[in-house]
Amino acid sequence: MYFSKLYAPTLREIPAEAEVASHKLLVRAGYIRKSSSGVYTYMPLAQRVLQKISTIIREEMNKAGGQEVMLPIIQPAEIWLESGRWNVYGKELFRLKDRHDRDFCLGPTHEEVITDLVRMDVSSYRQLPLMLYQIQNKYRDERRPRFGLLRGREFIMKDLYSFDREESGLEESYQKMYDAYTAVFTRCGLEFRPVEADSGAIGGSSSHEFMVIADSGEAAIVYCPECSYAANVEIAPCYPAKNEEETPLLLEKKLTPNKTSIDDVATYLGEPASKLIKTLFFQADDEVIAVLVRGDRTVNEIKIQGVQACVVFEMAAAEKIKEATGCEPGYVGPIGLKKDIKIYADEEIKTMVNAVCGANESNHHWVNVVPGRDFTVSEYTDLRLIEEGESCPKCGVVLNTARGIEVGQVFKLGTKYSNALKATYVDEKGQENDIVMGCYGIGVSRTMAAAVEQNHDDNGIIWPVQIAPYQVVIVPVSTSDQQIWQAALLLYQELTAVGIEVIMDDRDERAGVKFKDADLIGYPIRVTIGKRYIEENKMEIKKRWEKESSLVAKEEIIEIVKKTWQDSL
RNA sequence: CGGGGCAUAGCGCAGUUUGGUAGCGCACCUGGUUUGGGACCAGGGGGUCGGGGGUUCGAAUCCCUCUGCCCCGACCA
């Protein structure tokens with residue numbers, strides 16, 4: 001491909017709206033343009049990268065036994081009503097009506113559609129197991145689209161659904177997909193880590209997320225340097241720290257004027273934050289609940305939802321808190337609540353002695369509080385967020401922390417959807433059973449953005465060879481010098497002939513412009529042909545991820561390029 | 001959904017306070033000089049100043065209203 005013909009308009013200036021590296025660089029380098037908030041056009045370079053990622057995914061899905069299908073994006077409301085998610089999914093679901101006023105939605109995920117398909121055509125155990133997948137656009141009306149392709153409203157996903165006879169079959173399918181995902185991201189040349197994850201609103205028993213490691217990632221993970229343990233902090237279990245043993249003292253109310261935050265109260269009373277009890281109120285459907293954690297800890301809302309099942313879960317409104325405590329937030333505590341509400345407490349609270357908590361009276365806190373003596377807790381359990389420096393639940397070694405971008409997730413769904421939608425099969429004994437399902441997603445467009453987040457420098461993108469839009473760019477320093485131009489042309493033809501994807505920068509631009517664009521676009525290998533070719537018959541080869549270039553003969557160039565390409569496969 | 005901000009040429013911005021008929025840099029076109037890390041000179045094209053309504057002799061500028069976009073938070077298979 002000649003650069004002069006390529007539709008890749010690069011920009012010198014960064015669009016004002018771009019926040020993160022992948023967004024800035026993909027826009028600047030001419031890969032994507034925004035159409036509306038969270039919706040992007042993929043231009044030729046992006047399309048090539050997406051195709052490469054998709055090809056790798058297809059190969060691995062097929063290898064694992066998957067069959068590709070294409071499912072509808074426009075989905076009828078009926079099946080969503082049947083699964084119960086039409087009302088649960090909320091505003092995230094893009095809804096629309098047809099001319100007859102019938103309800104539809106744009107698919108954010110395809111459990112309903114695929115289950116509807118399979119229930120029509122699968123009836124016998126002889127047809128199982130089955131794995132179907134698709135790669136196409138999905139839609140979620142995000143409250144706040146951001147970070148370019150990382151959180152869009154329209155995005156490309158691969159999703160595979162597995163259908164098995166029983167749990168053991170699901171276990172096998174799940175493992176196949178786990179392995180396939182590992183192969184996919186390895187082949188994409190990314191540094192990633194599978195972590196244990198929450199299965200969230202999609203339901204199901206077990207789940208792993210595949211995280212591309214990048215400082216800009218939205219997800220925080222912990223992993224063990226010794227054993228294989230790795231988890232999203234959302235679900236990482238915490239062990240209670242030992243609280244100091246003390247002789248319980250008499251409960252006492254203290255004046256704490258205008259001290260509403262943990263830090264303020266701790267400083268004012270001269271106590272460490274770990275001596276305070278943090279009391280938070282949540283709205284769980286129609287019920288208000290109180291949650292207690294040590295003052296220096298953060299509550300983990302995912303864990304709370306694990307003990308208090310509900311559809312809507314959020315921080316309680318101020319008036320609800322007042323109803324429960326008779327007091328403004330800032331001085332609330334578990335002692336003497338107005339209303340009889342459930343109090344969940346983190347395990348660490350149990351052993352606290354002579355603690356501090358709000359008195360449910362403005363400008364007052366209790367000191368020398370002893371849980372169990374001064375108030376009663378409905379349930380003690382692990383409710384806090386894991387912190388830096390805590391131990392591995394498997395082997396006790398101190399965990400490492402990292403940030404990641406979630407590019408894939410695998411779920412064991414069980415029979416949640418097959419049961420709701422009556423997708424059943426008949427076994428050898430003539431017994432009807434629900435099909436056991438799993439679902440497995442990869443964010444294709446997000447993977448492209450994550451690759452950029454992980455692989456870039458100040459000058460631009462540094463594509464892993466496997467997913468680069470082209471592997472090589474040839475830069476003839478002058479297009480008017482026939483000796484240089486002819487050499488470039490010959491190299492171009494020879495590389496193309498061996499299956500290497502090459503861009504020839506044939507533009508009548510200064511060398512500096514071509515170098516800047518080459519770095520920005522991120523071709524793994526750049527070959528420059530200039531004076532040194534005329535003088536010494538040497539070409540310059542530079543790998544995008546290395547600082548130095550080297551001068552070599554043309555024959556070597558071809559060998560180096562071929563080798564680099566093959567090494568990456 | 002709460003809070004804040006922005007909307008002027010393809011991109012980045014000034015002009016709005018104090019109304020007088022739209023400008024700068026980059027990009028683009030023409031010609032010339034240049035040519036190894038985003039060149040220089042000269043000339044040129046491109047704007048319903050987000051939409052609608054109002055005030056005024058006159059509105060990018062003041063008022064009302066709608067829409068879009070961005071940031072922080074909350075939320076997030």
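Arg-28 puts a polar side-chain atom 2.7 Å from a base oxygen of RNA strand B. This is a predicted model: local features need pLDDT of at least 70, side-chain atom pairs count only at pLDDT 80 or more, and totals for chains, interfaces and linings use all residues. Residues are numbered from 1 along each chain as its sequence is written, chains are lettered from A and ligands numbered from 1 in the order in which they are written, and side-chain values use heavy atoms, with hydrogens and water left out.

**RNA contacts**

| Residue | Atom of RNA strand B | Distance |
|---|---|---|
| Arg-28 | base oxygen | 2.7 Å |
| Ser-37 | phosphate oxygen | 2.9 Å |
| Glu-540 | base nitrogen | 2.2 Å |

In total, 41 residues surround RNA strand B. Near means that a heavy atom of the residue lies within 4 Å of the strand. The closest are Arg-140, Arg-144, Met-157, Asp-519 and Glu-540. Of the RNA atoms within 4 Å of the protein, 46% belong to sugar or phosphate, and the rest belong to bases.

The surface near the RNA has 20 charged, 15 nonpolar and 6 polar residues. Here Ala, Val, Leu, Ile, Met, Phe, Trp, Tyr, Cys and Pro count as nonpolar, Asp, Glu, Lys and Arg as charged, and the others, Gly among them, as polar. Helix α14 (511-521) gives the largest share of this surface, 8 residues. β1 (32-36), β8 (154-164) and β29 (525-529) each supply at least two. Helices (H or I, at least four residues) and strands (E, at least two) are DSSP runs, numbered from the N terminus.

**Cavity and pocket**

The structure holds 1 cavity of 30 Å³ or more. On a 1 Å grid over the protein atoms alone, a cavity is a set of points where a 1.4 Å probe fits but cannot get out; a pocket is an open set with protein on both sides within 12 Å along at least five of seven lines, and lining residues have an atom within 4 Å of a point. Grid points are joined across faces, edges and corners, and a volume is the space filled by probe spheres set on the points.

The cavity lining includes Val-473, Asp-519, Tyr-523 and Arg-544. α14, β29 and β30 (539-543) each give two or more residues to this lining. It divides into 5 nonpolar, no polar and 5 charged residues.

The second largest pocket holds about 300 Å³. Among its 21 lining residues, Thr-260, Lys-278, Thr-279, Gly-330 and Val-332 are the closest to its centre. β14 (277-284) gives the most to the lining, with 5 residues. The lining has 14 nonpolar, 6 polar and 1 charged residues.

Two strands pair if DSSP finds at least two bridges between them. β27 (472-476) pairs with β28 in the parallel sense over 3 bridges. Ile-474 stands opposite Met-504.

β14 lies in another open, mixed sheet of 5 strands, in the order β16-β14-β15-β17-β20. β16 (313-315) and β20 (379-381) are its edges. β15 (287-294) and β17 (343-346) pair in the parallel sense over 3 bridges, with Val-291 opposite Tyr-344.

How values were computed. A polar contact is a pair of N or O atoms within 3.5 Å; within protein, one must be able to donate a hydrogen and the other to accept it, and residues adjacent in sequence count only if both atoms are side-chain atoms.
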